[in-house]
Amino acid sequence: MSSGIRFDKVTVQYGGNTVLDSLELTVEPGEVMALLGPSGSGKTTALRAVAGFVRPVSGRVFIGGRDITSLPPHRRGIGMVVQQYALFPHLKVEDNVAFGLKAQKVPRAEIPGRVAEALEMTGMASYAARYPRELSGGQQQRVAIARALAIRPNVLLLDEPLSALDAQLRSGMLAELARLHRELPDVSILYVTHDQVEALTLADRIAVMDKARLQDCGTPQDLYRRPRTEFTASFVGNANLLPVKVGSGSVTLRSTVLKVSTEGVAPGASATLCVRPHLVGLGEDGPNALRGTIAEVQWRGSTHRLYVDVGGPDGAGGHRVKADVRELRETPALGSEVTLHFAPEDAVLLGADVGGARDREPVSAAGVSDG
Ligand SMILES: Nc1ncnc2c1ncn2[C@@H]1O[C@H](COP(=O)(O)OP(=O)(O)O)[C@@H](O)[C@H]1O
Ligand SMILES: [Mg+2]
């Protein structure tokens with residue numbers, strides 16, 4: 001069985017509630033796809049549908065082009081790692097890793113070599129004779145990954161595998177997972193997370209989930225630069241979302257006219273203008289100037305995050321605009337008047353009247369982070 005996963009209109013219900021709504025998604029052979037979304041959005045359910053632990057009420061799941069919807073879990077050629085290590089506490093590391101091989105009836109003579117290979121890959125070879133309780137959380141998770149890899153899966157399912165680890169370990173493990181994927185370029189990986197940094201760092205493409213539905217799907221850069229929905233814009237990175245009326249080559253925010261591309265959007269439409277905070281500058285520069293009052297300042301080491309009320313206080317007809325500004329010599333005083341600006345090409349129009357007008361372009365898979 002080769003790799004690659006395809007969800008064909010997969011719907012899952014629990015007690016009559018639809019928790020996965022007609023999911024259509026393809027993970028290419030060798031691709032890392034992150035399923036990113038808030039808690040309860042249906043990510044784990046999608047993973048369990050691939051693993052065979054939940055039966056869709058409708059739709060089919062394919063692995064390597066083969067319909068596996070009715071196949072029992074152990075015959076799907078899948079390795080799975082979940083958040084809580086889930087090692088058998090009474091078995092040594094090597095026996096934990098051998099477990100899946102025995103279940104798969106791998107010939108006895110082959111097992112020690114396969115176990116050693118998997119432990120080697122995850123840097124745990126010297127811990128083979130220990131018990132899980134003698135390992136740190138990070139080490140236990142490496143063993144769990146070794147156990148998943150030992151069966152030489154075509155498909156690796158990872159469900160928030162790093163969320164039980166502290167921040168420093170997490171970033172080390174992220175680098176490890178990226179390395180593992182380079183060593184196993186044919187394995188398709190479905191990586192569930194609610195953490196955008198993990199998704200942006202690891203994934204070739206990100207599928208954004210909310211409320212049981214796929215909201216958006218694209219490369220990290222594409223989703224970041226050209227989000228299709230307000231949900232994607234605010235969940236992948238940080239965003240200013242401003243309600244505007246669309247004109248021709250410009251939009252109006254209250255009475256301020258801003259120059260942006262309105263290609264493909266009918267004049268007169270209501271839309272949301274999305275501008276990333278790090279693309280908003282301080283000072284008057286170019287066509288798009290927004291005057292306002294500083295409501296809050298946060299110093300973040302390499303940047304100042306300014307919160308500027310434009311057109312009156314937030315909530316009283318005005319809008320609070322976020323700007324991440326570098327190299328400010330002095331921290332601006334609260335209440336002072338400032339002008340912000342952004343380049344027309346750095347703004348994206350979103351909304352019902354805009355949606356679907358744009359097609360995703362293939363972009364290289366390097367990650368971006370909002371900081
Ligand atoms: N075994 C179950 N029985 C009933 N409801 C469930 C079960 N598993 C998950 N759910 C519900 O399905 C929805 C999606 O859950 P899940 O896929 O675990 O979300 P996520 O992984 O995105 O946090 C949630 O509302 C959750 O409460
Ligand atoms: Mg989950």
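Which backbone atom of Gly-40 lies 2.7 Å from an oxygen atom of ligand 1, and what else surrounds ligand 1?

Reply: This is a predicted model, in which local features need pLDDT of at least 70, side-chain atom pairs count only at pLDDT 80 or more, and totals for chains, interfaces and linings use all residues. Residues are numbered from 1 along each chain as its sequence is written, chains are lettered from A and ligands numbered from 1 in the order in which they are written, and side-chain values use heavy atoms, with hydrogens and water left out.

The atom of Gly-40 in question is a backbone N or O atom, 2.7 Å from an oxygen atom of ligand 1. This is a polar contact, that is, a pair of N or O atoms within 3.5 Å; within protein, one must be able to donate a hydrogen and the other to accept it, and residues adjacent in sequence count only if both atoms are side-chain atoms. Gly-42 also places a polar backbone atom 3.0 Å from an oxygen atom of ligand 1. Lys-43 instead contributes a polar side-chain atom, which lies 2.8 Å from an oxygen atom of ligand 1. Taken alone, ligand 1 exposes 560 Å², and the protein buries 54% of that; accessible areas come from the Shrake-Rupley method with a 1.4 Å probe, and for residues only the protein chains shown count as cover.

The shell around ligand 1 consists of Tyr-14, Val-19, Pro-38, Ser-39, Gly-40, Ser-41, Gly-42, Lys-43, Thr-44 and Thr-45. A residue is near a molecule or strand if one of its heavy atoms lies within 4 Å of it. Helices (H or I, at least four residues) and strands (E, at least two) are DSSP runs, numbered from the N terminus.

In summary, ligand 1 has polar contacts with the backbone of Gly-40, the backbone of Gly-42 and the side chain of Lys-43. Elsewhere, the crossing of H2 and H4 is right-handed, as is that of H4 and H5; a crossing is left-handed if the near helix is turned anticlockwise from the far one by less than a right angle, and right-handed if clockwise.
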